[in-house]
Amino acid sequence: MSAYVLILDDDADVATAAQLLLRRRYGKVATLCDPAGLPALLAQGVPDVVLLDLNFTPGSIDGAEGLALLDLLRSQAQPPAVIAMTAYADVPLAVEALKRGAGDFITKPWDNARLVAAIDQALARRSAMRGPAAAAPDLMGESSAMRELKALIASVAPTEANVMVLGENGVGKELVARAIHALSRRAAGTLLAVDMGALPESTFESELFGHRKGSFTDAKADRAGRFQAARGGSLFLDEIGNMPLAAQAKLLTALERREVTPIGADKPEAIDVRIISATNLDEARLFDPAVFRPDLLFRLNTIVIRVPPLRERREDIPLLLAHYLNLYALQYERPARNVSAAALDGLLRHDWPGNVRALRHACERAVILGQGAEFSLSDFGLGAGMAAVDGGAQFAAPPGVAAAVAVSARGGASGGVNDGISGGIDGATGGAINGAFNGSVGGDMTLDALEREAIASALAQFNGNISHAAKSLGVSRAALYRKLGKHGI
């Protein structure tokens, strides 16, 4: 296997033993006993994998030296995969190493097969993140909350455990699901996403389990269900909390038996998928038997990952601003502009109820409509009349950070943008429309603005109940979900 592995250990005998074990399997295996030589070595080329000892000074067991080296390795433009090693099986130290970006943790003396497997997995994850599986934008952010999230994903992904992702609208639950899949042993397979909230109950079994030709009026040919289509990969069940109880029972049966029976078929078919689910329901409602079956919940939430809202990681906002402003400046061929200090202060203080999705749409708006030499707060649609700033928030922008949030029209931009679905709300009720007109908004009222306000008003009226809000607005639940994504609600 062509790979560059670096063994960083102060014990020359240990480093040599690892080198002898690994050099026949990997293209280049180097050793380094003095950590002071690491910067010079990195200048010559960054390894694919680093086996990193966490203690170098005799008698040291706190891992501080190794964690500092880990930070240096993770700061590289193309950081290597890091496997932390120590002779002391200290769980808190292992957790801290994972939080800081280590992909695995091994104690010495190691098991040869375990060490080789850890390196193979690290290389596979790194390859997956560079390949097609990384087509979705990376989870951006260097706050402590995001570091913990990434560490948990890296720990959970290589297993086969079912994962439930919890979080508000717009926090990036699907990105978390894609990261789990990309870092898993199923990365070469398909990640198939299903919006369970938009799946009609009448076609639930056909969509998920498939059907045979002639099994019902419109069944003109055999059709594989989502479970069969995702064979060997992962099935992402989004908005799982919006499933009717009757459909929940059918899903539970499939998961318990690990098989599904297509409509019209005589025999069940075995399934081979990993289930990743997501919901924006708060946990109190999720554990309400009248809303969600406890037995199904326990099948789905082997591992629970909670994605923090943007208001709980405000220090990531400058990074996100720079990314999306750069992305849209390139897309719309607009000039490079900085964010004014006053605008950045307002953006940092804003609570972002739509989270990263709302920030992304605000950046797109600013790039299209902004006319000044710098972006102002109003360019982002956050005028004072919109109550954009939470009066209780106390978060000051770090000195000089405004200058860092700059758009480089010639710089690279990674990641894609999910297109919204255009069109107005047909048959919206008078109450919702009146709510849109009566809202405290400034500037021109475009059709998009009216539509957004009508949706927000309906959701507020029915306490976030999608079905009731859709009925009030005169649209299907599927159409409302599309428009929620479009407007960043």
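## Helix packing and buried residues

Me: At what angle do H13 and H15 pack?
Reply: The axes of H13 and H15 are 9 Å apart. Axes are lines fitted to C-alpha atoms, for helices over the stretch in contact, and angles run from 0 to 180 degrees between N-to-C directions. On that scale H13 and H15 pack at about 45 degrees.

Me: What kind of model is this?
Reply: Residues are numbered from 1 along each chain as its sequence is written, and side-chain values use heavy atoms, with hydrogens and water left out. Local features need pLDDT of at least 70 and side-chain atom pairs count only at pLDDT 80 or more, while totals for chains, interfaces and linings use all residues, and the model is predicted.

Me: How many helices does the protein have?
Reply: Helices (H or I, at least four residues) and strands (E, at least two) are DSSP runs, numbered from the N terminus. The protein has 16 strands, and its helices number 20.

Me: Which word describes how H13 and H15 lie to each other?
Reply: Angles under 35 degrees count as roughly parallel, over 145 as roughly antiparallel, 65 to 115 as roughly perpendicular and the rest as oblique. The angle here is about 45 degrees. Therefore H13 and H15 are oblique.

Me: Is the crossing of H13 past H15 left-handed or right-handed?
Reply: A crossing is left-handed if the near helix is turned anticlockwise from the far one by less than a right angle, and right-handed if clockwise. H13 passes H15 in a crossing that is right-handed.

Me: Which residues of H15 make the contact with H13?
Reply: Contact means heavy atoms within 4.5 Å. H13 brings Ile317, Leu320, Leu321, Tyr324, Leu325, Tyr328, Ala329 and Tyr332. H15 answers with Val356, Leu359, Arg360, Cys363, Glu364, Val367 and Ile368.

Me: How many nonpolar residues are in the contact of H13 with H15?
Reply: Ala, Val, Leu, Ile, Met, Phe, Trp, Tyr, Cys and Pro count as nonpolar, Asp, Glu, Lys and Arg as charged, and the others, Gly among them, as polar. The contact of H13 with H15 has no polar and 2 charged residues. Its nonpolar residues number 13.

Me: Why is H15 called largely enclosed by the rest of the structure?
Reply: Buried means under 20% relative accessible area, exposed over 50%, partly exposed in between (1.4 Å probe, protein chains only). The buried residues of H15 include Asn355, His361 and Ala366. H15 is largely enclosed because its buried residues number 11 of 15.

Me: Which residues does Ala362 touch, not counting those up to four places away in sequence?
Reply: Ala362 lies in helix H15. Ala362 is buried, with a relative accessible area of 6%. Beyond its neighbours in sequence, Ala362 touches Trp352, Asp379 and Phe380.

Me: Is Trp352 buried or exposed?
Reply: Trp352 lies in the loop between H14 and H15 (355-369). Its phi is positive, about 50 degrees, although Trp352 is not a glycine. Most residues other than glycine have a negative phi. At 2% relative accessibility, Trp352 counts as buried.

Me: Where does Glu239 lie?
Reply: Glu239 is not a glycine, yet has a positive phi of about 55 degrees. Glu239 is also buried, at 7% relative accessible area. Glu239 lies in the loop between strand E10 (234-238) and helix H10 (245-257).

Me: How far apart are the axes of H13 and H14?
Reply: H13 (residues 317-332) packs on H14 (residues 341-349) at about 115 degrees. The contact is made by Ile317, Pro318 and Leu321 of H13 and Leu344, Leu347 and Leu348 of H14. These divide into 6 nonpolar, no polar and no charged. The axes lie 10 Å apart.

Me: Which residues of H19 does H18 meet?
Reply: H18 (residues 447-461) and H19 (residues 466-473) pack at about 130 degrees, with their axes 9 Å apart. That makes H18 oblique to H19. From H18 come Ala454, Ile455, Ala458 and Leu459. They meet H19 at Ile466, Ala469, Ser472 and Leu473.

Me: How far apart are the end C-alpha atoms of H18?
Reply: The expected span of a helix is 1.5 Å times one less than its number of residues. For the 15 residues of H18, that gives 21 Å. The separation of the end C-alpha atoms agrees, at 21 Å.
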